[in-house]
Amino acid sequence: MGLDAFAAVCCAIPVLLSLLVVRVAYVLCRSGLPPLKPHAAGLRCLIVLGSGGHTAEMMNILTELQKDRFTPRYYVAALTDNMSLQKAQVYEKSLIQGDREKIIEDAKFMQIYRSREVGQSYITSIGTTVLCCFACYVANNKNQTTSGIFCNGPGTCIPLCASAFILKVLGLGWSSIFYIESIARVKKLSLSGLLLYKLRLADQFFVQWPQLQQKYPRAQCAGRLM
């Protein structure tokens with residue numbers, strides 16, 4: 001009986017791996033295409049914020065979004081980032097004056113762990129990476145009807161995008177990933193952008209300089225957004 005069970009497991013593993021490969025290929029082929037089922041209501045979106053100018057750029061990008069179309073908006077920042085969510089709250093309050101209940105309905109704010117802090121040892125970063133991945137899974141799974149993730153370079157976006165891609169592969173949710181490279185990147189991509197580009201995790205990948213688009217042909221040049 002034990003040998004039969006072992007043989008069954010050995011036969012099942014190649015089948016499961018084949019199904020996984022097919023599913024990954026399907027997700028990659030569907031990347032960037034319109035959803036199969038159009039969204040009638042507002043589009044829930046995750047907006048990834050970060051220090052070092054990323055939040056300022058993202059706030060500028062958000063001014064171009066159709067606020068009534070992309071709602072509710074979930075703002076995500078690192079646990080140690082105390083300024084980004086404050087800026088997002090100020091921005092949301094500037095959109096709607098005098099109706100605080102509607103602000104709460106249209107915008108949510110959350111923080112997640114960083115995979116690794118600046119100067120943190122690689123050994124201790126293993127634990128924080130696990131916590132970060134779990135928090136990202138919870139954030140994505142909690143908002144499983146999220147339609148899009150907007151990010152522009154902070155390291156916080158990598159585990160979020162990776163967990164969203166895994167949920168797509170597993171069929172547990174479908175969030176389109178929109179990556180906008182920082183305007184400061186003129187000749188080469190940031191590390192976050194390079195990872196998303198090479199791994200093909202982003203559904204839409206935008207750069208702000210034509211010479212950068214020539215170097216990375218799968219990217220789209222959106223022009224300068226600042």
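1. β1, helix α2 (residues 54–62) and β2 form a right-handed β-α-β unit. Right-handed means that, with the strands pointing away from the viewer, the path from the first strand over the helix to the second runs clockwise. Helices (H or I, at least four residues) and strands (E, at least two) are DSSP runs, numbered from the N terminus.

2. A note on the source: this is a predicted model, in which local features need pLDDT of at least 70 and side-chain atom pairs count only at pLDDT 80 or more, while totals for chains, interfaces and linings use all residues. Residues are numbered from 1 along each chain as its sequence is written, and side-chain values use heavy atoms, with hydrogens and water left out.

3. Strand β1 (residues 45–48) pairs with two strands. Its partner β2 (residues 73–78) runs parallel to it over four bridges, and V48 bridges to V76 there. With β4 the pairing is also parallel, over three bridges; here L46 has I149 as its bridge partner. Pairing requires that DSSP finds at least two bridges between the strands.

4. C45 and I47 point one way from β1, L46 and V48 the other, and all are buried. Buried means under 20% relative accessible area, exposed over 50%, partly exposed in between (1.4 Å probe, protein chains only).

5. M59 sits in helix α2. Its relative accessible area is 11%, so M59 is buried. Beyond four places in sequence, M59 is in contact (heavy atoms within 4.5 Å) with L49, Y75, K87, A88 and Y91. M59 and I47 are 12 residues apart in sequence and 9.7 Å apart in space, C-alpha to C-alpha.

6. N152 deserves a look. It is in the loop between β4 (148–151) and α6 (157–170). N152 is buried because its relative accessible area is 0%. Its side chain reaches the backbone oxygen of H54 at 2.9 Å. Leaving aside neighbours within four places in sequence, the contacts of N152 include V48, E57, Y179 and S182.

7. The largest nonpolar core has 28 residues. Such a core is a set of buried Ala, Val, Leu, Ile, Met, Phe, Trp, Tyr and Cys residues joined through side-chain atoms within 4.5 Å. Among those with the most contacts inside it are C151, Y179, L189 and F205. Elements giving two or more residues include β1, β4, β5 (176–180) and α7 (191–199). α6 gives the most, with six residues.

8. A second, separate core has 18 residues, including L62, Y75, A107 and F150.

Terms used:
Polar contact = N/O pair within 3.5 Å; in protein donor to acceptor, adjacent residues only side chain to side chain.
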